[in-house]
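The tour below goes from one selection to the next.

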Amino acid sequence: MRSGADLELVHVTKRYGDTVAVRDVSHVFKGGSYVCLLGPSGCGKSTTLRMIAGHEDISDGSIVLEGQDVSYLPPARRGTAMMFQSYALFPHLSVRDNVAFSLRMKGIDRAERDRAAGEMLELVDMGTYAERLPAQLSGGQQQRVALARALVTKPRVLLLDEPLSALDPFLRVRVRAELKKLQRELGISFLHVTHGQDEALALADEIVVMNNAVIEQAGNPRDVFAAPRTEFVARFMGGHNVLSEGGVRYALRADDVRLGPTGRPAIVRTVEYQGAHVAVTAEMSGTEILALVPEATFFSDPKNPGDAVGLAWDEGRLHRLQA
Ligand code: ADP
């Protein structure tokens, strides 16, 4: 059993002139886990990843991998490897030579690097494509080659910057399942940057939510979704309402809101069919409330925009947010 290496950020800060892209962030990423760094555009995710990879200097603090301070090591000596959003394969090199490229740079002989590249291509199910040029592959296949190219260096932590964003929705779901499987098989840590909540919920052992250059909340997906600490996390994760009562803010899951003849009076504004659920928004004394109603329940007594309804929920389901 390989447990992988812990990766630790210790008071890490990154400044670009007057902009603070990452502010005094400390966190331990547990070895051998799939971690998603989640947050809106501009919150500092990519900068964090690039500092870990060594593609960006840190302004303050340190980065420790398996007990060793790697803050000032060049990227190739850190034990990390990065897979970029644009796969940037060399167009004139075969798939095999693309994967073997970093080994060639290290002076490893041809037979050995071809063997290692072949092994990685098998791992990502691309063994039969070794002779092809990148232009002769689909987007999904190119991405697997890029993955093999990153893994051939035997990193302890694989860094992935929005790896699924260039794929169509169908392929995205398939490739994300493959990434998860690969991470389990290899037993190393994957640190995956995304702005997609669904992606993070589906993949992560740990979700690290960033906002405004800091970590807003970290935890396993169910905890982050079911017990958001702040209004930002509740709104960003989606599927929640944020209510104010007596100066206190609460999150209320949309699937805990019931529509009925009784309850707090509201007017239906929108009705959206989503398959398993119907998303209904209703205005209740100036506040828009989202209810996710199971399909069968909704259609047993359908509602339309303009209808008067009652909104009800169990008080115990209100989750208090930090001020
Ligand atoms: P994210 O990946 O979450 O979208 P980034 O890490 O790319 O966010 O950016 C965080 C902040 O740092 C943003 O305000 C961005 O404009 C700024 N930033 C990122 N890279 C640079 C750079 N090379 N020069 C100046 N500012 C930058």
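This is a predicted model: local features need pLDDT of at least 70, side-chain atom pairs count only at pLDDT 80 or more; totals for chains, interfaces and linings use all residues.

**Overview.** The structure contains 22 salt bridges.

**Stop 1: select E56 and R50.** These two side chains form a salt bridge, with 3.1 Å between the closest N and O atoms. Is E56 buried or exposed? E56 is buried, at a relative accessible area of 19%, because the cut-off for buried is under 20%.

**Stop 2: select E231 and R249.** Here the closest N and O atoms of the salt bridge are 3.0 Å apart. E231 belongs to helix α8 (residues 231–237) and R249 to strand β12 (residues 248–253), so this pair ties together parts 18 residues apart in sequence. Colour both by accessibility: E231 is partly exposed at 25%, and R249 is partly exposed at 35%.

**Stop 3: select D256 and R317.** Their side chains meet in a salt bridge of 2.7 Å, N to O. Which parts does the pair tie together? D256 sits in the loop between β12 and β13 (258–260), while R317 sits in the loop between β17 (308–312) and β18 (319–320), so the two parts joined are 61 residues apart in sequence. D256 is buried, with a relative accessible area of 16%, whereas R317 is partly exposed at 40%.

**Stop 4: select E112, R115, E119 and K154.** Show these four residues together: salt bridges link them in a network.

Conventions: Residues are numbered from 1 along each chain as its sequence is written. Side-chain values use heavy atoms; hydrogens and water are left out. Buried means under 20% relative accessible area, exposed over 50%, partly exposed in between (1.4 Å probe, protein chains only). Helices (H or I, at least four residues) and strands (E, at least two) are DSSP runs, numbered from the N terminus.
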